[in-house]
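I opened my notebook today to look around inside a protein model. Come along and check each entry against the picture.

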Amino acid sequence: MRNPSSSQDTQSADPGSSQQALSANPSSAGARPATPSGQRQAAEVSAEQLAARVATTRQILLDAVDKHGNGQAGAAASLVMASSLGAEDMVLTDLVFRAGLPVDIFTLDTGRLHEQTLRVLARVRETYGRAIRVYFPEAAGVEALVASQGINGFYESVDARKACCRVRKVLPLQRALAGRLAWITGLRREQSPTRAELAAEAWDADHGLAKWSPLADWSEADVWAYLRNHKVPYNALHDQGFLSIGCAPCTRAVQPGEDARAGRWWWEHPETKECGLHVAGH
Ligand code: SF4
């Protein structure tokens, strides 16, 4: 299979980044998409509507703490939150850290993230005085993967892509969730067909613990209204047409009207576009 990055529109937020240069299409460098619609529509979310959303979400977080928390916010916490450092997760990070909730927030550094994504980690520490825990893939696993399929072998097939996601994301996630009672995610129903049945609270049979999605009902505009109103730090790539942000070689900006997940593994069919972290309906 040809390398999708050679012909697709994968705008780079930072032309100086060597990692992004791998996926940049020089012919489209001047054709960045408009700001995502959710950012433009944020101003249309009324204060009352946003306050109601926030109140509901705070209550869901408190319910999760009551039900699954053990009072610990560090590595020994029974309640954790997985953050991709994207817009939705920054809403939840702001709510959790400002309320001082006993939740251990973590992210997975796959080794293929954009520099802009990593910068969010530093800004979170500056803003809240609390750090997001970072899990990395096992070095031996990455070395074996690259030896087997090459540095960008994930473009060759869905199986090859899932093998890469397994080493770089799924196995680190399993380590992050080991011994925990519940995890919180920033998933929203409207993000993709695979998330249409998402519940605010569910049993995650794949990982063997409860899974909370306090933003299940939120729209993209709600998310941006919150980020703007509360001056929450966010990934600079969101201002360049990126909605759902994952690894640099597997994420591109989307055009107005495309759904949030259209920029992830854009060369695949929509039904295959989960990385193993989240299974449909959970
Ligand atoms: S998103 Fe792409 S680079 Fe990242 S782990 Fe999955 S296949 Fe690998």
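This is a predicted model: local features need pLDDT of at least 70, side-chain atom pairs count only at pLDDT 80 or more; totals for chains, interfaces and linings use all residues.

**Entry 1: one residue and its contacts.**

**Entry 2: the cores.** Next I looked up the largest nonpolar core, which has 42 residues. Val80 is among the members that touch the most others, together with Ala64, Met81, Val91, Val96, Val103 and Leu227. A reminder to myself: in soluble globular proteins, nonpolar side chains tend to be buried together.

**Entry 3: the sheet.** I traced an open sheet of 6 strands and wrote down the order S3-S2-S1-S4-S6-S5, with mixed pairing. Which strands stand at the edges? They are S3 (133–135) and S5 (201–204); each has a single partner strand, so one side of each is left without a neighbour in the sheet. Ignoring direction, neighbouring strands of this sheet are turned by 30° against each other on average.

**Entry 4: strand S1.** I zoomed in on S1 and its two partners. S1 runs parallel to S4, and 3 bridges join them; here I found Leu79 opposite Ala182 in S4. S1 also runs parallel to S2, again with 3 bridges, and Ala82 stands opposite Phe106 in S2. Are the faces of S1 covered or open? Both are covered: Leu79 and Met81 on one side are buried, and so are Val80 and Ala82 on the other.

**Entry 5: helix H8.** In H8, 8 of the 10 residues are buried, so this helix is largely enclosed by the rest of the structure. I listed the buried ones as Glu220, Ala221, Asp222, Val223, Trp224, Ala225, Tyr226 and Leu227. After H8 comes Lys231, with a positive phi near 50°.

**Entry 6: the ligand.** Last, I counted 13 residues around the ligand, the closest being Phe154, Cys164, Cys165, Cys247 and Cys250. By class, I noted 7 nonpolar, 2 polar and 4 charged residues in this shell.

Notes: Residues are numbered from 1 along each chain as its sequence is written. A nonpolar core is a set of buried Ala, Val, Leu, Ile, Met, Phe, Trp, Tyr and Cys residues joined through C-beta atoms within 7 Å. A residue is buried if 20 or more other C-beta atoms lie within 10 Å of its own, exposed if 12 or fewer, and partly exposed in between; C-beta atoms are placed from the backbone. A residue is near a molecule or strand if its C-beta atom, placed from the backbone, lies within 6 Å of it. Ala, Val, Leu, Ile, Met, Phe, Trp, Tyr, Cys and Pro count as nonpolar, Asp, Glu, Lys and Arg as charged, and the others, Gly among them, as polar. Helices (H or I, at least four residues) and strands (E, at least two) are DSSP runs, numbered from the N terminus. Two strands pair if DSSP finds at least two bridges between them. Axes are lines fitted to C-alpha atoms, for helices over the stretch in contact, and angles run from 0 to 180 degrees between N-to-C directions.
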